[in-house]
Amino acid sequence: MTDVVNELTVFVVVRAPSHEAAAKLFENHPHMSIFPCDAVDVMPLLSGPPES
């Protein structure tokens, strides 16, 4: 085992038809100027919403 640093400070789940469309949601978004960060990591959701 080794020590690691997780710089994740906030996350948000968005729905978009593609990774590119999801990334574009954050372009010039006002919240991105409030939360100081270096990048946005766009990842797929590996499981869907719970079945009702």
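These legends walk through several close-up views of one predicted protein model.

Residues are counted from 1 along each chain as its sequence is written. Because the model is predicted, local features need pLDDT of at least 70 and side-chain atom pairs count only at pLDDT 80 or more, while totals for chains, interfaces and linings use all residues, and side-chain values rest on heavy atoms, with hydrogens and water left out.

View 1. Helices (H or I, at least four residues) and strands (E, at least two) are DSSP runs, numbered from the N terminus. Of the 52 residues in the protein, 4% are buried; here buried means under 20% relative accessible area, exposed means over 50%, and partly exposed lies in between (1.4 Å probe, protein chains only). The protein exposes about 5500 Å², with 59% of that supplied by carbon and sulfur atoms. Accessible areas come from the Shrake-Rupley method with a 1.4 Å probe, and for residues only the protein chains shown count as cover.

**View 2. A nonpolar surface patch made by F11, V13 and L45.** The patch covers about 390 Å². Patches are made of residues with over 30% relative accessible area and no salt bridge, joining like charges within 9 Å and nonpolar side chains (Val, Leu, Ile, Met, Phe, Trp, Tyr) within 5 Å. A salt bridge is a side-chain nitrogen of Lys or Arg within 4 Å of a carboxyl oxygen of Asp or Glu. Look for F11 in the segment before α1 (19-24); F11 counts as exposed because its relative accessibility is 68%.

**View 3. V14 and its contacts A22, L25 and F26.** Contact means heavy atoms within 4.5 Å, and this list leaves aside neighbours of V14 within four places in sequence. V14 lies in the segment before α1 and counts as partly exposed, at 36% relative accessibility. Between V14 and P44, 30 residues apart along the chain, the C-alpha atoms are separated by 9.9 Å.

**View 4. F26 in the loop between α1 and α2.** Not counting residues up to four places away in sequence, F26 touches V12, V14, M32 and V40. With V40, 14 residues apart from F26 along the chain, the C-alpha separation is 8.1 Å.

**View 5. N28, a residue other than glycine with a positive phi.** Most residues other than glycine have a negative phi. For N28 the angle is near 60°. You will find N28 in the loop between α1 and α2 (31-34), where N28 is exposed, with a relative accessible area of 79%.

**View 6. H19 in helix α1.** H19 touches V42, M43 and P44, not counting residues up to four places away in sequence. From H19 to M43, 24 residues apart in sequence, the C-alpha to C-alpha distance is 7.7 Å. At 42% relative accessibility, H19 is partly exposed.
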